[in-house]
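Here is a short tour for anyone who likes to have the sequence and the 3D view open side by side.

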Amino acid sequence: MNSSIIVFPGSNCDRDIAVTLEKLKFKNTMVWHKDTALPKSDLIIIPGGFSYGDYLRSGAIAAKSNILNEVIKAANDGCLVLGICNGFQILTETGLLKGILLKNKNLKFLGKDIYVKAINTDNKFCNKYKKNQVLKLNIAHNEGNYFTSLDNLKELEDNNLIPFKYCDEKGNIKEEDNPNGSLNNIAGIFNCKKNILGIMPHPERMVDQLISGDDGVNLFTSLLN
Amino acid sequence: MKLILVRQNPLNLKKNKLKFSIKVTLKKDVLDPQGKVIQQTLKNMGIGTLESLRQGKYFEIEINENNETKARNKIEDMCKKLLVNLIIEDFEISKN
């Protein structure tokens, strides 16, 4: 599978993702934000970090960069697109995903391990997870508080467009285990065709049992399935 | 050394330049945790009559246009395309 990772000034998770993809035998290319053409890609990943210093709104400037025009075209043609953390924020700013990520409800930057439940696994990104499997992943964000209109929230819930929700260790989805105030404990969402996924937790940080756990690795192996 | 003094127009207004300000505010039903913290701090400072406070953004824009309607349309476009996220924010353009 051919993958491209988009790199912005301020991206800081790009190389972690590249290491993961290379380990899993993806043919990966790093693509600079100023480039005007994408290499042949089955998967485009927009990594985490602080693109353009989070100026204006997180992801707002990156969403208008040269390469994003190409990403938008590819995404509309059905290419798989994964936005992680700042990548999720960028995808909402482009309009490829609906809603927006607001400041965390307690106004603090959160860097810690959390649990999410894989609620919808019948898609390209999650098919290696069992339905309702609880995963330990890591979050590192200041704006992860997902917000959208009530109509869109209903659409997301009704059409199974929410793959991951924050939960406790046992998989109970409660407000206490919602780290950032996200609507309905949402940790990630799809577009309606399910070829674009945005998630706040970092699966690329959980791909090695020896280092931190490997609950994130199946998000990438699912794509090879 | 010779000093050359250039008289500057204090408003930096040239004939074909129009100046606008844009006020961006959070929509009513969007929570404003920063505003809340600021409000609480002011209350703690003894301002008991403070009723509510919400934080927003402000932009000053100069545009090389003679026609005010044209300029306004361009600024509205800028707001919708980049400066404002219409899911959570409203904006108000005024000419200076």
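Two strands count as paired if DSSP finds at least two bridges between them. Keep in mind as you look that this model is predicted. With that rule in hand, find strand E4 (residues 80-84) of chain A, which pairs with E3(A) in the parallel sense over four bridges. In this pairing, Leu43(A) stands opposite Leu80(A) of E4(A).

On to strand E1 (residues 2-7) of chain A, which is joined by three bridges to strand E3 (residues 43-46) of chain A, the two running parallel. Here Ile5(A) has Ile45(A) of E3(A) opposite. E1(A) also pairs in the parallel sense with strand E2 (residues 27-32) of chain A, this time over six bridges. To get from E1(A) to E2(A), the chain passes through helix H1 (residues 14-23) of chain A, making a right-handed β-α-β crossover. As for cover, E1(A) is mostly hidden, with five of its six residues buried.

Now zoom out. In chain A, nine strands make up an open sheet with mixed pairing, in the order E2-E1-E3-E4-E11-E10-E9-E6-E7. Which strands stand at the edges? They are E2 and strand E7 (133-141) of chain A; each has a single partner strand, so one side of each is left without a neighbour in the sheet. From one strand to the next, the twist averages 25 degrees.

## Nonpolar cores

In soluble globular proteins, nonpolar side chains tend to be buried together. In this model, the largest nonpolar core has 69 residues, and those with the most contacts inside it are Ile6(A), Leu82(A), Val116(A) and Ile196(A). Leu82(A) is a handy one to click on: leaving aside residues up to four places away in sequence, it touches Leu43(A), Ile45(A), Phe125(A) and Leu197(A). Another core, of five residues, lies apart from the largest one, and its members include Leu18(B), Ala71(B), Ile75(B) and Cys79(B).

## Where the chains touch

How many residues does the contact take from chain A and from chain B? Chain A supplies 11 residues and chain B supplies seven residues. On the side of chain A that touches chain B, five residues are nonpolar, two are polar and four are charged.

Conventions: Residues are numbered from 1 along each chain as its sequence is written. Chains are lettered from A and ligands numbered from 1 in the order in which they are written. This is a predicted model: local features need pLDDT of at least 70, side-chain atom pairs count only at pLDDT 80 or more; totals for chains, interfaces and linings use all residues. Two residues are in contact if their C-beta atoms, placed from the backbone, lie within 7 Å. Ala, Val, Leu, Ile, Met, Phe, Trp, Tyr, Cys and Pro count as nonpolar, Asp, Glu, Lys and Arg as charged, and the others, Gly among them, as polar. A residue is buried if 20 or more other C-beta atoms lie within 10 Å of its own, exposed if 12 or fewer, and partly exposed in between; C-beta atoms are placed from the backbone. A crossover is right-handed if, with the strands pointing away from the viewer, the path from the first strand over the helix to the second runs clockwise. A nonpolar core is a set of buried Ala, Val, Leu, Ile, Met, Phe, Trp, Tyr and Cys residues joined through C-beta atoms within 7 Å. Axes are lines fitted to C-alpha atoms, for helices over the stretch in contact, and angles run from 0 to 180 degrees between N-to-C directions.
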